[in-house]
Amino acid sequence: MDWNRRQLLRGGVGVGALLLLAACSDGEKSSGPARGGTLRVGAVGTAARIERDPHANLSNDSDFLITALVYDALTVPGADPNVAPRLASKWESDAERKRWTFTLAEGATFHDGTPVTSEDVVWSLRRLRTVGGASKMPVAAEDINADGPNRIVLTVPEPNSQLPLLVRLMTFTVKAGTTDFTKAVGTGPFRLESYQGGNARLVRNERWHGPAPLLDAIEVTMFESATALGNAVLGGQIDLASNVGAIAGRTAEGRGDLQVVRRSNDTMLGVAMRTSDGPFADARVRTAIRLGVDRKALVDQVHSGYGTVANDILGTADPNYDTSIPQRVREVERAKTLLREANFDTGKTYPLVTKAEAPGEVESARVLATQLTEIGIKLEIVTQESNAFYDQTWLNAPFYTVSWGTNDSTLFYADKLLSSRSNRNETAFKDPEFDAATAKALAARDDAEYVAACKTLQRIQHDRGGYLVWGMADGIDIASAKVRDLPTLGGFARVQLERAWLE
């Protein structure tokens, strides 16, 4: 499989652009990117959760934004393919997809001018495995090794075609032996000039190995809430409110001095239905529930229209997402028939457990409860604190809401959430045909084999899986009208501000 089909372009503003600028008449604006200026960015964070260690849990959006601009990960999110080079310029695997070799970008240096070596990367990845755990570094420490001065090798015990995706964004490289991160000596497109209480000023890294950033500086300000963040951009105190949400987006719509950036496929809100036992074990009951919901109404009510209808398959932004599977729509009478055929007890009231974690999650449970009464299902909404939810409900309850904040490949979700071997199998789904398709996709040796296996696992998930995936929320950023080339991909791609510029 060719994971390096598209490389990042290098060079910034080239000779052609300079000639174009020279040709413009006096007083005429150029439509090309302009160099210079300071972008004032706001992001949500709290003082109690400030974290400067790039390998620790970066729960503040503000911390993650700063870290992702100061340090380089091996790879970053892309569109098609959904993995793009960063500190690693290319990668390749052996025929079995067990041994992956990553080549470091030519000319990559730290902010102090010292070159990046494979030993720095190996030390960083091993530390990430220790500090961040297996969820952030899916390769054992002893299986992360250098192969010469500019290549590293990651070895996994079983075939895994997803490894370049699994090292996106979190694999920040620091100098070998670093334990003090107050100076934040990274390799990224911006370097730290000053930091105070969660707020930072970053300036352009003239030595960066990638395309030269156009901005002189980025100032990051931490806001305690999305409301405060929204008010700041609406009032002109900042130029960009990152991940500010639908409410602020609606307020900003129609204002000539502002733009609303919608990043599709950003957040999934859905329901996990337990498939192994309990009231939803019968696939006909799960299909009836999927047929009983009005997806468009859910997107309109829960996401204020900033979203798209989904089709009960995780991974909607995957370039290999199967659009040939018919979109499921509301069919109340058919849903009632399926419940009767399954002898589902409509006389009982069933708990739908939720939590106030993702925006709109509790509201989505209430809307679902109202909609499903039309097919004869009565629900009691039980709202739990997050700690209680993950201690008592997650992985155990028959019916509960779920949310995922990044939208990765269909295979990523299949392997991590639906395969019978997964320790995060939210729906207790065990299906030998699904497991076989997942294993085949992970071990695929060419694109055709990979795509065919991914289509099989998507159809199984749609037909008899345990998820109700009714819609995807857009990520909402609000920016001044003068800001250009902001990220439009969902999830953590929002922190890739190195190509932004000011008109």
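Predicted model: local features only at pLDDT ≥ 70, side-chain atom pairs only at ≥ 80, totals over all residues.
User: Which helix gives the most residues to the lining of the largest cavity?
Analyst: The lining is made up of Glu-51, Arg-52, Asp-63, Ile-66, Thr-67, Val-70, Tyr-71, Phe-181, Ala-184, Leu-192 and Tyr-195. The elements that supply two or more of these residues are helix H2, spanning 61-70, and strand E8, spanning 190-196. With four residues, the element that gives the most is H2.

User: How many residues in the lining of the second largest cavity are charged?
Analyst: Around the second largest cavity stand Ala-68, Tyr-71, Asp-72, Ala-73, Val-76, Arg-86, Leu-169, Phe-172, Val-495 and Gln-496. Sorted by class, seven of the lining residues are nonpolar and one is polar, while the number that are charged is two.

User: Are helices H12 and H14 parallel, antiparallel, perpendicular or oblique to each other?
Analyst: Two packed helices are described by the angle between their axes and the distance between the axes. The axes of H12, residues 410-418, and H14, residues 447-464, come within 10 Å and cross at roughly 55 degrees. Because angles under 35 degrees count as roughly parallel and those from 65 to 115 as roughly perpendicular, the relation between H12 and H14 is oblique.

User: How many charged residues are in the contact of H12 with H14?
Analyst: H12 passes H14 in a left-handed crossing, and on the H12 side Thr-410, Leu-411, Ala-414 and Leu-418 take part. They meet Tyr-450, Cys-454, Leu-457, Gln-458 and Gln-461 of H14. By class this contact has six nonpolar and three polar residues, and the number of charged ones is none.

User: Which residues of H13 does H12 meet?
Analyst: The axes of H12 and H13, the latter covering residues 432-442, come within 10 Å and cross at roughly 130 degrees, which makes H12 oblique to H13. The crossing of H12 past H13 is left-handed. From H12, the residues Leu-411, Ala-414, Asp-415 and Leu-418 reach the contact, and their partners in H13 are Phe-434, Thr-438, Ala-441 and Leu-442.

Technical notes
Residues numbered from 1 in each chain as written. Heavy atoms only, no water. 1 Å grid on protein atoms, 1.4 Å probe; cavity = no way out; pocket = protein on both sides within 12 Å on 5 of 7 lines; lining within 4 Å. Nonpolar A, V, L, I, M, F, W, Y, C, P; charged D, E, K, R; others polar. Axes fitted to C-alpha atoms, helices over the stretch in contact; angles between N-to-C directions. Parallel < 35°, antiparallel > 145°, perpendicular 65-115°, else oblique. Left-handed = near helix turned anticlockwise from the far one by under 90°. Contact = heavy atoms within 4.5 Å.
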